[in-house]
Amino acid sequence: MDLTLENVTCGYGSRAILSDFCATIQAGQVFCLLGPNGIGKTTLFKSILGLLPFLAGRALCGGRDLSSIGRAARARIMGYVPQSQFTPFAFSVLDVVLMGRTAHMGFLGRPGRADFAASEAALARLGIENLRDRHFTELSGGEKQLALVARALCQEPTFLMMDEPTSNLDFGNQVKVLKIIRDLANQGLGVVMTTHFPDHVFQCGDQAALLTHANSQRVGPLAEVLTSENLTEAYGVPVSVLKWPDSRLDFTICRPNFA
Amino acid sequence: MSLSQSQPRSLAGRVSRIGLRQETLVYLALSLALLAFMAINVALGRNSIPISEIVNLIWLKINGQVLDPTYRRWEVVLFNIRLPRIFMAFLVGAALSLAGAAYQALFRNPMVAPDILGVSSGAGVGASLAIVWGMPTIGLHLMAFFFGLGAVFLVLFVSHVVGRGKSLLVLILVGVVVSALFGALGSFIKYVSSDDSTLTAMVLWLMGSFARSSAPKDALVMLLAFSIGAIPLLLTRWRINALAFGEEEAQTMGVDYERLRLIIIISSTLLTASSVALCGMIGWVGLIIPHLARFMVGPNFGRLWPAVVLGGGLFMLIVDSVVRVVLPGEMPVGIVTSLLGAPLFIYILCLGRKVWI
């Protein structure tokens, strides 16, 4: 299934922040959204999630206009993994993951055996069964991130929307989360993620969209979008994208050019 | 991490040694304590009735048999005074606690009380006006109830105009403003009311009591209001959990946020307004019982609902038995809830900081 954005314009009220954005996001791929602060990544993200209306254009999923479907149906298409992880109440991790089943429960529903099974399965899929009975508020940042991924997986979505999934994590946890993102995409999920690190995109991405200051966007395969010139233009600092020409270790990195 | 694991935890979700889930044990314990205090409250008071005779009395009443004079006196005390008052105390305690728990979940803030949107100060103005105008009790109840509802609808309307109904922060701010406004109106009415007996009546009403409104029909009215307010919260109790991470995340999990918020506000307002209208202002219950309940069964609203209803009712029965039996005269319950509630709250804070902060 595809998620297609057709000439969408996003913003708050009448103020457009991002105009005429087009992209097609495929299930089984990792689609990365990059760009400097304030360029409209979060706004675009919220609009795709249906938290903000598109000011123009439309989003289609499997041919259906997303604006015409209800919240629960949308929640079964896309799961959201937020950046902030705050709740004042000490829910157990299982309870948090179970919240993801809300979209499958009906307005007056209560979780049944299938919902508990789906929650346990989501925890197992990420290898965090050991966190099941811990309090969410006591977890480390990385553990919280994984619990929220499990919550989103519980919605049984086609697409996973991840807002800066590596931003508050230490190096080890960043690697773990990137690996999980790659694995989930290989299992058929479409992942849309925002990030500030081109290297993370090189490590797990398939497609990228780079939003530059000129309100122009480049969308496409990594090799076309994340070039030295494009990144330099977008972030306003000189960078080099270097390819490692080795048959065993085929990777690309981005490093700044210090004067 | 080893540090966090050594912190006290709530008892939720654990299976105990005898094979029952921990929350089931909590419900059982609360129900037993509730029955015990009901029996104590039935038996004790100015006309004490032997507990052994109570079952007999209820049996005779059901069968409609002719009673001798001693039984007649007990019958009046039991069915017209004690039982209605017990049910009233239970229902009011349960209603205020449930409203508090629902608001704390909605506003994602464990410090929120049921009168956050101005229902108590609104009801206070209504009651004060009714007392000044010399209205009968039923008029006072209606005035307090509708002024309480009116204050909340004013808050909803103003926050809709100001913030297009979107922001919880605007809702709370407008609630504070409207509370202050009605608080000032209430003070103004007290200030201009010339005679002392009116003033005393108003001040006493504001302190809350079960003594003046525990006729059987009052208890029935409260039962009706409790059912209308509590059942929607029971039916949506699992969905309410998804609010824990805020409005936007709830929506991405498929929650119709606006509808759920309206259900919570209307239900909680009905619960609080009817309690305040019938029994005056009884503070603290709606704040501390949800805390206690979360400590016992965790924050999951699905498991919290029964614990809050049982715990709130139990606490209020305990307070009322203290008021009726231990203390001389009829001290307003509002005073005792605070006197008992404040130390209890600090104790709970010390027990389990980590669990719900």
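How many bridges join strand 1 (residues 2-12) of chain A and strand 2 of chain A, and in which sense do they pair? The legends below take up this question and others, for a model that is predicted.

**View 1. Strand 1 of chain A meets strand 2 of chain A.** Eight bridges link the two strands, and the sense of the pairing is antiparallel.

**View 2. An open sheet in chain A.** Step back from the pair, and four strands of chain A come into view as an open sheet, in the order 2-1-4-5 with antiparallel pairing. Strand 2 and strand 5 (64-65) of chain A are the edge strands, each pairing on one side only. Helix 1 (residues 41-49) of chain A packs on this sheet, where it touches strand 1, strand 2 and strand 4 (56-61) of chain A. The direction of helix 1 makes about 120° with that of strand 1 of chain A.

**View 3. Asp20(A) and its positive phi.** Stay with strand 2 of chain A, which covers residues 15-26, and look for Asp20(A) within that strand. Asp20(A) is not a glycine, yet its phi is positive, at about 55°. Asp20(A) counts as partly exposed because it has 14 C-beta neighbours inside 10 Å, a count in between the limits of 12 or fewer for exposed and 20 or more for buried.

**View 4. Arg108(B) in a loop of chain B.** Now hop over to chain B, where Arg108(B) sits in the loop between helix 4 (69-106) and helix 5 (119-132). Arg108(B) is a residue other than glycine with a positive phi, near 50°. Is Arg108(B) buried or partly exposed? Arg108(B) is partly exposed, since 17 other C-beta atoms lie within 10 Å.

**View 5. Chain A as the setting for the close-ups.** Chain A holds nine helices and 12 strands. Its C-alpha trace spans about 55 × 45 × 35 Å along the principal axes. For 259 residues, a compact globule would have a radius of gyration near 18 Å, so the 19 Å of chain A agrees with that expectation. Buried residues make up 44% of the 259 residues in chain A. Among contacts in chain A with a separation of 6 or more, 64% come from residues 24 or more positions apart.

How values were computed:
Residues numbered from 1 in each chain as written. Chains lettered and ligands numbered in written order. Predicted model: local features only at pLDDT ≥ 70, side-chain atom pairs only at ≥ 80, totals over all residues. Rg over C-alpha atoms; globule rule 2.2 N^0.38 Å. Contact = placed C-beta atoms within 7 Å. Pairing = 2+ DSSP bridges. Axes fitted to C-alpha atoms, helices over the stretch in contact; angles between N-to-C directions.
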